[in-house]
Amino acid sequence: MQEASLTTRDVTVRLFRAGRGRMLIFLHGAAGLPGWIPFFEQLSTKYEVLAPEHPGFGTSANPPWIRNVADVAMYYLDVLDSLNAQKVHLVGNSLGGWIAAEAAVRNCTRLASLSLIAPAGVRVKGVPMGDNFIWSPQESAQNLFYDRSFSERMLEQAPSEKEAEIQLINRFAAARLGWEPRWFNPALERWLHRIEVPTLVLWGDNDKFLPRQYAEVWQKNVPQVTVDVIPQCGHLPHVEKAELTARKILAFVDRH
Amino acid sequence: MPYRPLDMAERAKQRSAWVVLPNRLYDPKRGADEYESYIGQLVYAEELGFDVISVNEHHQTAYGMMPAPNLIASALIQRTKRVKIAILGRALPLVNNPVWIAEEFSMLDNLSRGRIIAGFVRGIGTEYHATGLNPAFSQERFQEAHDLIVAAWTRPGPFEFEGEHYNFRYVNLWPRPYQTPHPPIWIPSQGSSETIRWASHPARKYPFLITFSAQDLVVRYLEMYREEARKHGYEADGNQLGWAVPIYVADSDERARAEAARAIESLFNDYLNNPWEMLLPPGYMSLSSMQRTMKVRKSLGTQARRQTIDDLMTSGTAIIGSPKTVRERIKRVREATGFNRLVTMLQFGVLPDELTRRNMEMFAAEVMPHLRRG
């Protein structure tokens, strides 16, 4: 794996890059770019995986003109243009899934497929999301996973000063993009029909942040959609069920 | 203006007395008594010779019963003659039309024939949970709303306002403010450096009131204001520096301590204590301010244990004692900072009406005259 940077227009972001083959881009969630996790490793056995850290997150640049998710989506369309990417597989979790969907409803010409892992971006009335901004670190750890051993491990890992600072930066970036309206764009649902590429929607059956019922909105509105629910799994299937999730995504993208 | 009949056992089951505290714990009949008691105390302050009485705004909390402080200010105008009335303050970023705030202050200024002091705040962090407003844009909205309100007060209307968050084709205030050019503006704050820098700017020179802080922080933040003023090329006047602090005075130190203990401890532990997630939502302060605040803030925010009256007295977060003790405490901070505006919180936490009034009387008789002499 190569840790690199990527400059598009005047914005430089941090990036993990590994593997050879067709390009697969992963867009991370609100907690920021994780390390080089086994999920990435598995995808990179067959694809060239690019995992950028969004503008405003971690050590990536934080341009003042990125003020909402639409700005980030447009930024990634610029990234695809500057890479001259052809037939990319775009994968995103939570906030990253939302960004991917906002990009796809605007322009699918450089995409081969879309894989959304518990994406934010839409709201189901009467089925409240979890309030990640009010949760204590303990509540977050408990609510993000089904398997308590993951929660415990998350809590045991006391962050270094640098890591704590990165976490705070990521919280700032996430709030700017997702605080209001909380984790959704009221307009997105009515434009989901514009996603013209095959789309896989994966959801943890026990997601306490974005409940599984949210998958129904994607099922109903995205034309070429496959919804797959992963049992005994929380909001981060690529972490909690890494092997299975990677296998499902590989099987899907291999076909497109 | 805390809701004193709060069931503290029920309160203890919640993470905060703000936003998530179930409102079944509010009894309207007792609440009506509370309003009567507090308005009576504020009116009594005029009789005792206070210069200013003040109200403030907080949302969805047992800590304060004034989500709309202008309503209380309006009632106070009708029951007082001379005293200034400070609204400390309205939370500007929380509204989508700041012209309403300009209009309401203007009305109050007319109704009181120029007795209004306009406090501008951003609200505390919990307000952003209560309203859903994005804390990332709090500072921007505050400054832009301020510009709009001052323009509405001073620029001949109608005019057009073109901002980032606020855009209005017509701004044309009826009524215009009674005072010229407009009511004085004060800035209460828990001391974010952005706010201090902004308030001290030569174009504004707004009095800055540091609230709910240990004495070393009070000194530090008031000194920060002076520093910023110097960077702008002027020396801050004592009237630009203020301290808002809970005070309790009784004949002796022992009596003051005994009478104030339960109330001051309830204020900091039951009413004000908030987890970081609620108190400092991301973006509410700049990254560097937030990191600094999380390190230095002991009186607010998550506490490992309950703060005792001794903790609060030792840190100087509250001033409790005989007239002599209280005078000396205030004098010490005054000597260190040269501040000229003291906002006395003479009712706090569950302090009952009778003790509050006695506290006010003692303060007015035994402390205030000494402060006036400087």
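A: We begin with handedness: a crossing is right-handed if the near helix is turned clockwise from the far one by less than a right angle, and left-handed if anticlockwise. The model here is predicted. In it, the crossing of H7(B) and H8(B) is right-handed.

Q: How is the packing of two helices described in general, and at what angle do H7(B) and H8(B) cross?

A: Two packed helices are described by the angle between their axes and the distance between the axes. For H7(B) and helix H8 (residues 215-231) of chain B, the axes come within 9 Å and cross at roughly 45 degrees. The two helices are therefore oblique to each other.

Q: Which residues of H7(B) and H8(B) meet?

A: On the H7(B) side they are B:Ser193, B:Ile196, B:Arg197, B:Ala199 and B:Ser200, and on the H8(B) side B:Tyr221, B:Met224, B:Tyr225, B:Glu228 and B:Ala229. By class, this contact has six nonpolar, two polar and two charged residues.

Q: How do H6(B) and H7(B) lie to each other, roughly parallel or roughly perpendicular?

A: The axes of helix H6 (residues 138-154) and helix H7 (residues 193-200), both of chain B, cross at roughly 20 degrees and come within 12 Å. Angles under 35 degrees count as roughly parallel, and H6(B) and H7(B) are therefore roughly parallel to each other. H6(B) passes H7(B) in a right-handed crossing. B:Gln139, B:Phe142, B:Gln143 and B:His146 of H6(B) meet B:Glu194, B:Thr195 and B:Trp198 of H7(B). These residues divide into two nonpolar, four polar and one charged.

Q: At what angle do H2 and H3 of chain A cross?

A: Helix H2 (residues 69-82) and helix H3 (residues 95-106) of chain A have axes that cross at roughly 65 degrees and come within 8 Å. That makes H2(A) roughly perpendicular to H3(A). Among the residues in contact are A:Val72 and A:Tyr76 of H2(A), and A:Trp98 and A:Glu102 of H3(A). The contact of H2(A) with H3(A) divides into 11 nonpolar, no polar and two charged residues.

Q: How is the size of an interface given, and what area is buried between chain A and chain B?

A: The size of an interface is often given as the accessible area lost when the parts come together. Between chain A and chain B the buried area is about 1,700 Å², and carbon and sulfur atoms give 62% of it. In residues, 17 of chain A are in contact with 23 of chain B.

Q: How many salt bridges are there between chain A and chain B?

A: There are three. A:Arg67 forms a salt bridge with B:Glu140, with the closest N and O atoms 2.7 Å apart. Over all chains, the structure holds 37 salt bridges. One within chain A pairs A:Asp254 with A:Lys46, the closest N and O atoms being 2.6 Å apart. This pair links distant parts of the chain, 208 residues apart: A:Asp254 is in helix H9, and A:Lys46 is in the loop between helix H1 and strand S4.

Q: What should I look for in the backbone?

A: Most residues other than glycine have a negative phi, and most peptide bonds are trans. A:Asn84 has a positive phi of about 50 degrees although it is not a glycine, and A:Asn84 lies in the loop between H2 and strand S5 of chain A.

Q: Which residues does a cis peptide bond join?

A: B:Trp174 and B:Pro175 are joined by one, with omega about 0 degrees. The bond from B:Thr180 to B:Pro181 is also cis, with omega near -5 degrees. B:Pro175 is in the loop between strand S5 (167-171) and strand S6 (185-189) of chain B, and B:Pro181 is in the loop between S5 and S6 of chain B.

Terms used
Residues are numbered from 1 along each chain as its sequence is written. Chains are lettered from A and ligands numbered from 1 in the order in which they are written. This is a predicted model: local features need pLDDT of at least 70, side-chain atom pairs count only at pLDDT 80 or more; totals for chains, interfaces and linings use all residues. Side-chain values use heavy atoms; hydrogens and water are left out. Axes are lines fitted to C-alpha atoms, for helices over the stretch in contact, and angles run from 0 to 180 degrees between N-to-C directions. Helices (H or I, at least four residues) and strands (E, at least two) are DSSP runs, numbered from the N terminus. Angles under 35 degrees count as roughly parallel, over 145 as roughly antiparallel, 65 to 115 as roughly perpendicular and the rest as oblique. Contact means heavy atoms within 4.5 Å. Ala, Val, Leu, Ile, Met, Phe, Trp, Tyr, Cys and Pro count as nonpolar, Asp, Glu, Lys and Arg as charged, and the others, Gly among them, as polar. Buried area is the accessible area (1.4 Å probe) that two parts lose on being put together, summed over both. A salt bridge is a side-chain nitrogen of Lys or Arg within 4 Å of a carboxyl oxygen of Asp or Glu.
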